[in-house]
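How does a structural label get its name? Here a few labels are put to the test, one at a time.

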Amino acid sequence: MNSKPLPKSVLWQDDKLYLLDQTKLPHVEEIFCCERIESVHEAICALRVRGAPAIGIAAAYGLVVGLTEHVSLSALRERVDYLVGARPTAVNLAWAVERVYRYAAAWAEKHDDQIPVALLCDEAKLIHSEDAASCRNIGLHGLPLITANSNWLTHCNAGALAVSELGTALAPFYTAADAGVQFHVYVDETRPLLQGARLTSFELGRAGILNTLICDNAAAHVMSLGKVDGVIVGADRIAANGDVANKIGTLGLAILCGYYDIPFYVAAPTSTIDLDTTDGKQILIEERSAHEVTTFGAAQVASLDTKVFNPAFDVTPSHLVKGIITEQGMTTAPFEQNLGRLFDVNSSTTH
């Protein structure tokens, strides 16, 4: 595959956190340094860093940004709670910072309340490296789906920009391209923030993968023409029963796939599966600013007093999902049983 490397969405270098500002893509590739936890919080809220795994990694590093040698367990708890509030729907954020906190608490029980910052940093690095391995394995497990001359559709951005490398939904595409498979991807623009247009088509094109950008409301027409063999999307939270919270518009695609008998797949690491959430009705859906809908770039496209409902995510019921691709393989229904079995293997958090 002839490709030009993308900048890393999250980079920890010389004990500093660097993030790629994805609000400026594809026109400007700007890396900025977060020197305070407040800047990490702002970057997550403003979608400068986005994608469930990537914000989890960034938040794990964010716990130690601005700290020196030691931090008390109570102070660390405050930092955890502060970052968790940045975006409520994506489970990876809370999962990552809580994992660092549990590791710190276990250390404090055996030693003292002053936890070495370097210890926390090491755990954040471990989360980062595990995500990279997870992406590679998701790509390998999804590879058999990407047959020669097939046409796929994806929504939002679940690629290299949303994780440590390769992505989740896009990982099978990158893996297939590396294997020399010829295929094509339709990319939903993903209103209102155009992550598909600005990010997915940008990174697939950078990698030399054939793709076509379509308006969100063109997906049904493209499917009706028989031009879509399958859909792969990412996830921000997967409930214990297999219900999937993902970028707004995903539910519509899943319903369309059911109507046109097109397989609908979800790709996500096991850290996105929340067994404590019974079903999708329990998932808190983030609502974002009306400004994102009433403007298009710098242009005002609706009157200032227009009432707006702007949910960032929707929930796809599990019966519409053909399979969930994780780093451990493809999981199918009954999800209530099979997702739980993924956690019967040795936990990656064991030290």
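The questions and answers below concern a predicted model.

Q: Why is the pair Trp-12 and Tyr-61 called stacked?
A: Two cut-offs decide. Ring centres must lie within 6.5 Å, and planes under 30 degrees apart count as stacked. Here the centres are 4.8 Å apart and the planes are at 5 degrees, so the pair is stacked.

Q: What makes this pair a tie between parts that are apart in sequence?
A: Trp-12 lies in strand β1, residues 10-13. Tyr-61 lies in helix α2, residues 52-62. The parts are 49 residues apart in sequence, so the pair ties them together. Both Trp-12 and Tyr-61 are buried.

Q: How many aromatic pairs does the rule give?
A: The count comes to five. Ring pairs also link Trp-152, Phe-173, Phe-183 and Tyr-265 into a cluster.

Q: Why is α2 called largely enclosed?
A: Count its buried residues. A residue is buried when its relative accessible area is under 20%. In α2, 11 of the 11 residues are buried, so the helix is largely enclosed by the rest of the structure. Among them are Ala-52, Ile-55, Ile-57 and Tyr-61.

Q: What covers the buried residues of α2?
A: The cover includes strands β1 and β2 (16-20). It also includes helices α1 (37-45), α3 (73-84), α4 (91-110) and α5 (117-142).

Q: How do you know that the charged end of Arg-77 sits over the ring of Tyr-101?
A: The distance cut-off is within 6 Å of the ring centre, and the charge must also be within 35 degrees of the ring normal. The charged end of Arg-77 is 4.6 Å from the centre of the Tyr-101 ring. Lys-247 does the like with Phe-313, at 4.8 Å from the ring centre.

Q: What makes a space a cavity, and how many of 30 Å³ or more are there?
A: A 1.4 Å probe fits in a cavity but cannot get out. The structure holds two cavities of 30 Å³ or more. Of its 23 lining residues, the closest to the centre are Arg-50, Gly-51, Ala-52, Asn-157 and Asp-236. Helix α2 and strand β11 (244-247) each give two or more residues to this lining.

Q: Which residues line the second largest cavity?
A: They include Pro-192, Lys-247, Arg-288 and Glu-292. This cavity has about 50 Å³ of space. By class, its lining has four nonpolar, two polar and three charged residues.

Key:
Residues numbered from 1 in each chain as written. Predicted model: local features only at pLDDT ≥ 70, side-chain atom pairs only at ≥ 80, totals over all residues. Heavy atoms only, no water. Phe/Tyr/Trp six-rings, centres within 6.5 Å; stacked < 30°, edge-to-face > 60°. Helix = DSSP H or I, 4+ residues; strand = E, 2+ residues; numbered from the N terminus. Buried < 20%, exposed > 50% of the residue type's maximum accessible area, 1.4 Å probe, protein only. Contact = heavy atoms within 4.5 Å. 1 Å grid on protein atoms, 1.4 Å probe; cavity = no way out; pocket = protein on both sides within 12 Å on 5 of 7 lines; lining within 4 Å. Points joined across faces, edges and corners; volume = space filled by probe spheres on them. Nonpolar A, V, L, I, M, F, W, Y, C, P; charged D, E, K, R; others polar.
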